[in-house]
Amino acid sequence: MPRSTMWSHLVLIGATALLLYATWQHHAALMIGAALLLAAATVGATGLRRLLPLTAFALAFVAALLLPGPRLGVLDLLAALLVLAGLGFRILQEQITARQLAWQRNTIAALQAGSERLADARDADAIIRAGIGILDKLQVAPNLAFVAYRHGTPHILAAKGAFEAFLERPIHPSDNNSRSVQADHWVAEEALALLKKPQRRRFHVAPVYGRASNHLGVLILTRSESDPFDEHEKSVVASFARLLGAQLGQWHAIRDLRDANDLTLRSLGAALEHRDDDTGGHTTRVVTMSVRLARRLGWDEDQVKALRWGAYLHDLGKLAIPDSVLHKQGALDPGERRVIQTHTTIGYDMLQDLHFLPAETLDLVRYHHERWDGTGYPSGLRGQNIPDTARLFTIVDVFDALTNARPYKPAWTRDRAVSEIRMQAGRQFDPQYVEAFLRMMAEHDEAHLVV
């Protein structure tokens, strides 16, 4: 037993004995002292033990009045009432403090657990769902909703409790007027009207803002109890709304940056093809087909993004190739072929300062002319040593080159190009990727026949 607990028990036993003695002797002052000692020994106690000083003193005083002996006076009675009031007030304060501590511990635990979910969230919907989950664990209210605009119409994007029945439901003005959520909060009013009156006897609405006061949505909390939301609860909800807004704002900023990067790389790819492809459209075609094939193979979105960016930039190095070589009408001689082959490493070197590009993108630019049998360039990589993005993209790149005219050759038919891809499986291309590519092309052809 810890030393502090042992002393507490000894004091409790001593105070109880003292209270019994004072009661027997009808000694009011000694009874008050024993009661205060009991109160000191039960500081921080829980349950019925917290009521021990108050109960014991009340019983002792009543017993002193009933037992034969000296009668207690009016002043003794007044002092007893004051002690009872003081002990009662102390118990109430401890209960309030205990509730506040429990609330704080629950808040900290919920935020700690929820912060991991927020950090793992990969998109805005996941962030919102994680946020509502955190708010639910705070136990501020049983009915929760996050409402925000989707395609110009407010929707309940995440919910708990009674609001779950209306998840993903669009919210329209009941009077058919078009109004702004920033102007009069009609969205919150319409969302509250979805619930029965007993479910929304008390409610609280907290707007969620992101970067630069950008309005992202509104949190709605309701409960059936008649007690209003106190200032502490409103403060916690407001703090949480700021946290959610910061997380959503950061995601939106990252998304905007990603979209800007994608648009920039797409524009650069389009500019490159105008120098190398008089017919145009090569970049768009190989990007679209590569992404389709990657998703068919089950690649995650980060891999697909890296592939797409690499497809935009795969021929960047041709900017450094002389026009006399790049646009030569006939076959290239060995020296010219060595020059054209440098475009892979030149493009790779040119992209080194773009630190946002993933390694898979750079691998595609450098190695998309490697061959499965090890006879490609620039490094003569073989088989699985060739990065995935390069192995996949080279199939699509060759297919598009075969089916479109070049200065040195006419366009092949689709069937002839597909047959060539099939023949090169295990030589130039990864056999498994070729198999997936051929299935994709066959399904595409069947879809066109159906149409």
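These legends describe close-up views of a predicted model.

**Notes for all views.** Local features in this predicted model need pLDDT of at least 70, side-chain atom pairs count only at pLDDT 80 or more, and totals for chains, interfaces and linings use all residues. Residues are numbered from 1 along each chain as its sequence is written, and side-chain values use heavy atoms, with hydrogens and water left out.

**View 1. The whole protein chain, for orientation.** The protein chain has 17 helices and four strands. Helices (H or I, at least four residues) and strands (E, at least two) are DSSP runs, numbered from the N terminus. Of the 451 residues of the protein chain, 42% count as buried. Buried means under 20% relative accessible area, exposed over 50%, and partly exposed in between (1.4 Å probe, protein chains only). Contact means heavy atoms within 4.5 Å. Among contacts between residues at least 6 apart in sequence, 59% join residues at least 24 apart.

**View 2. Helix α9 and what follows.** Helix α9 covers residues 282–296. Its 15 residues should span 21 Å at 1.5 Å a residue, and its end C-alpha atoms are 21 Å apart, which agrees. The expected span is 1.5 Å times one less than the number of residues. Buried residues of α9 include His282, Thr283, Val286 and Val287. Met289, Ser290, Val291, Leu293 and Ala294 of α9 are buried too. An α-helix has 3.6 residues a turn, so residues three or four places apart point the same way. Gly298 follows α9 and has a positive phi, near 85°.

**View 3. α9 against α10.** Helix α10 (residues 301–313) packs on α9 at an angle of about 160°, with the axes 9 Å apart. That makes α9 roughly antiparallel to α10. Axes are lines fitted to C-alpha atoms, for helices over the stretch in contact, and angles run from 0 to 180 degrees between N-to-C directions. Angles under 35 degrees count as roughly parallel, over 145 as roughly antiparallel, 65 to 115 as roughly perpendicular and the rest as oblique. From α9, the contact uses Thr283, Val287, Ser290, Val291, Ala294 and Arg295. From α10, it uses Glu301, Val304, Leu307, Arg308, Ala311 and Tyr312. By class, the contact has seven nonpolar, two polar and three charged residues. Ala, Val, Leu, Ile, Met, Phe, Trp, Tyr, Cys and Pro count as nonpolar, Asp, Glu, Lys and Arg as charged, and the others, Gly among them, as polar.

View 4. α15 has 16 residues. From first C-alpha to last it reaches 24 Å, close to the 22 Å expected at 1.5 Å a residue. The helix is mostly covered, with 13 of its 16 residues buried. Arg406 lies in the loop between α15 and α16 (414–423). Arg406 counts as buried because its relative accessibility is 15%. Arg406 and Gln329 are 77 residues apart in sequence, yet 8.6 Å apart in space, C-alpha to C-alpha.

**View 5. The loop with Lys197.** Lys197 sits in the loop between α7 (186–192) and β3 (202–209). With 65% relative accessibility, Lys197 counts as exposed. Lys197 and Ser224 are 27 residues apart in sequence and 8.4 Å apart in space, C-alpha to C-alpha.

**View 6. Backbone details in two loops.** Glu168 is in the loop between β2 (153–160) and α6 (181–184). Its phi is positive, about 70°, although Glu168 is not a glycine. At 38% relative accessibility, Glu168 counts as partly exposed. Pro378 lies in the loop between α14 (359–367) and α15 (388–403). The peptide bond from Tyr377 to Pro378 is cis, with omega near 10°.
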